[in-house]
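Hi,

Here is the structure I promised to pass on. My notes on it follow below.

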Amino acid sequence: MRTPRPPRPAVPLAAGLAAALLLTGCSAFDDGPDPVPVATATAVAGEAADDPALAPFYEQRLTWTDCQGGFECSRLTVPLDHDDPAAGTTSLALVRLPTGATGEDRLGSLVLNPGGPGASGVEYARAAQSVVSDAVRAHFDVVGFDPRGVGQSEPVRCLEPDQLDEFLSADATPDGPAEVERWEELSRGFGEACADDRMAPHVDTGSVARDLDVLRAALGDDKLSYLGKSYGTSIGAAYADRFPERVGRFVLDGALDPSLSGEDVDLGQAQGFETALRAYVEDCLSASGCPLRGSVDDGVAQVRALLDSLDAAPLGTGTDRELTQGLGVYGIAQPLYSQALWPDLSDALAAAFRGDGAPLLAFADQYARRGEDGEYADNLMTAIYAVNCLDRGDVEGVVDVAAAADDIADRAPTFGPFLAWSSLPCATWPFPAVSTPAPVTAEGADPIVVVGTTRDPATPYVWAEGLAEQLSSGVLLTFDGDGHTAYRMGVSACVDEAVDAYLVGGQVPEDGTRC
């Protein structure tokens, strides 16, 4: 599974996230000035109440330093292994935009995570003026963190850029023994390259959730208020299930269903992208200059035929890189994340039909955050495997993956086989999975708002329904529309107003509200 991806902070998506800055915060154990209130005894307690060895982590005070644009930066020290605090530590990059509110007007901190796995919460929080409303910023410190193994925290590093290029451009829908053998070799090599990385065995979602509770305590909040999008909903759900009494105002937008197997996730995502592709094709056919012809079925078949042709004969791009089938899938998937990019997808498809793969390659590079210089902006494309392979231990081997690919092709022919085969690295990952799919209930938690978009390509609406139903206090807020995630994406004032009313005023939307 290579998706979901993080939502961008505002429309248009192509604008991307604000550039990350080097964090200059001092040691998280520093006893220097602390501009936030000292954590209460209740806030500090957390897991330290059960394991005194965790107390130094829960009791740390953050030292914040100015880092441009009104933001402050710091670092948080957490155990490498929460079950063995003496085994070493790592640190997490933090950024916050202080609210300026005091007294009853100040509602504490709102922690953000944009997903991935592997997306930077630091970058996301840097875009606070677009990812949350003025009303939210007026009452909350907006806080972003790079999860363990990600970005400006201690990142998992495995493949060199040229090796990652080879992996992403490889034939991930093998249809012959030689192609299967090559994909097996690349998949095994990916894991082998991670085998000596210090962080790789410790980046599972459960550990991130426990880090989040240490962060809550260090911020001085008795309860955690949290906005998670896409994979960030998995972090939030894991936190709520482990620390239900510490759940504050929680919004999980573009939800994953934690009870689903890897095969179920691949199928759901493939069907989500098929739905989004059909919506795009229908829109394209109604506009002038559409490169597709005929009915919606005809248009989808033309896109699929293009991808099939790339398998046999990659397109030139005017560079020394070709547009392969794998890169073509990424290039089509990226603009399906937002309706604002559909016209650009039409232009890219038109170019590809003329034999020019450069525009789709540019979208594929945007997906992978690869620069024109061949360097990757972050380690997202590595972290997504490092996290998923630890979170799910249900990929057995090439025979099972091949069978899953055949099965999924009948129900999601455009994207299904690619997603199924992309899970193969987890079959030979050098570290055993630490968890298995299971429902979450978070018994006793305050209301948790789950936002689902009916034609979300990466996190299908049924997943939001599933998570909201599992959570004992889950409340489902539905956006009937297109694109990945809804809050503050420029697509629904109704969703924006409902989420703001909940975050700022504690007004829980009625379960089943549709926008």
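Asp 141 is buried, at 4% relative accessible area (buried means under 20%, exposed over 50%, partly exposed in between, with a 1.4 Å probe and protein chains only). Its salt-bridge partner is Arg 106, at 2.5 Å from N to O (the term means a side-chain nitrogen of Lys or Arg within 4 Å of a carboxyl oxygen of Asp or Glu). Arg 106 is partly exposed, at 22%. Since Arg 106 sits in the loop between S3 and S4 and Asp 141 in strand S5, the pair ties together parts 35 residues apart in sequence.

Before you read on: this is a predicted model, where local features need pLDDT of at least 70 and side-chain atom pairs 80 or more, while totals for chains, interfaces and linings use all residues. Residues are numbered from 1 along each chain as its sequence is written, and side-chain values use heavy atoms, without hydrogens and water.

The Arg 106 and Asp 141 pair belongs to a salt-bridge network that also takes in Glu 72 and Arg 96. Those two meet at 2.7 Å, N to O, with Glu 72 in strand S2 and Arg 96 in strand S3, 24 residues apart. Glu 72 is buried at 15%, and Arg 96 is buried at 3%.

S2 (72-79) and S3 (89-97) pair antiparallel over eight bridges (pairing takes at least two DSSP bridges; strands are DSSP E runs of at least two residues, numbered from the N terminus). They belong to an open, mixed sheet of 10 strands, with S1 and S10 at the edges.

Cheers

Technical notes: Helices (H or I, at least four residues) and strands (E, at least two) are DSSP runs, numbered from the N terminus.
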